[in-house]
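Student: Could you take me through one part of this model up close? I'd like to hear about the charged side chains and who pairs with whom.

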Amino acid sequence: MFKKRRESGELVLLPVSNDEIEQVRERCRAIVRKRAAISAGVAAVPIPGVDIAADLTSFASMVEEINRAFGLTPEQIERLHPRMRVAAYQAIGALGGMLVGKLVTRELVIKLLQKSGAKLAAKSAAKVVPLAGQLASAAIGFALFRQMGYQHVEACVKVAREVALTAPEAPVS
């Protein structure tokens with residue numbers, strides 16, 4: 001594992017072997033499932049709009065957490081070896097990863113959620129039907145949140161693998 005020390009003494013870990021990338025991938029997929037379950041619980045609340053506000057906040061913090069786990073926050077990328085930094089930015093650009101290596105803002109998450117507009121509309125519309133609608137809304141919310149989270153994890157995996165290919169042959173400190 002490639003390690004670099006921050007001024008605060010905290011280690012920034014970047015997974016560089018396939019095994020390390022897979023471990024981080026599975027850990028992040030578990031985070032996605034947990035957050036998706038929470039999203040489903042909030043979606044079951046019969047008050048329209050509450051779930052979308054909660055999803056925005058939860059999704060943004062989840063994306064930040066996943067980026068951090070893969071060593072792909074803007075701050076972590078800037079601290080990489082120059083060759084690895086260039087590889088990271090090239091992989092992010094080629095992939096078109098909207099949230100990989102970026103500062104996650106509310107506007108960015110809204111833009112991403114708008115791409116899933118039909119599912120969000122169905123989720124909101126389902127709430128008007130008592131009980132069955134709330135269950136449908138929760139199921140749609142869980143599936144949508146999980147799908148988007150898994151897509152982000154896979155985008156991070158691809159970038160991490162590209163960066164790993166350019167890792168300098170230096171001893172780990």
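**Salt bridges up close**

Tutor: The count comes to six salt bridges, taking a salt bridge as a side-chain nitrogen of Lys or Arg within 4 Å of a carboxyl oxygen of Asp or Glu. Bear in mind that this is a predicted model, where local features need pLDDT of at least 70 and side-chain atom pairs count only at pLDDT 80 or more, while totals for chains, interfaces and linings use all residues. Residues are numbered from 1 along each chain as its sequence is written, and side-chain values use heavy atoms, with hydrogens and water left out. As background, side chains of opposite charge can pair when their charged atoms come close.

Let's start with Arg25. Its side chain meets that of Glu22 in a salt bridge, at 3.5 Å from N to O. Both sit in helix H1 (residues 18–43), and because they are three residues apart there, about one helical turn separates them. Helices here are DSSP runs of H or I with at least four residues, numbered from the N terminus. Glu22 is partly exposed at 29% relative accessible area, whereas Arg25 counts as buried at 17%. The cut-offs are under 20% relative accessible area for buried and over 50% for exposed, with partly exposed in between (1.4 Å probe, protein chains only).

Arg25 also has a salt bridge with Glu154, at 2.7 Å from N to O. Glu154 lies in helix H7 (residues 132–165) and Arg25 in helix H1, so this pair ties together parts that are 129 residues apart in sequence. Glu154 counts as partly exposed, with 25% relative accessibility.

Now for Arg35, whose side chain meets that of Glu65 in a salt bridge at 3.0 Å, N to O. Here the link between distant parts of the chain runs from Glu65 in helix H2 to Arg35 in helix H1, 30 residues apart. Glu65 is partly exposed at 27% relative accessibility, and Arg35 is buried at 17%. Going back to Arg25, salt bridges that share partners join it with Glu22, Glu26, Arg29, Glu154 and Arg161 into one network.

Met62 is buried, with a relative accessible area of 0%. Leaving aside neighbours within four places in sequence, Met62 is in contact with Arg35, Ile31, Val32, Phe145 and Gly149, contact meaning heavy atoms within 4.5 Å. One more distance: the C-alpha atoms of Met62 and Cys28 are separated by 9.0 Å, with the two residues 34 apart along the chain.

Technical notes
Helices (H or I, at least four residues) and strands (E, at least two) are DSSP runs, numbered from the N terminus.
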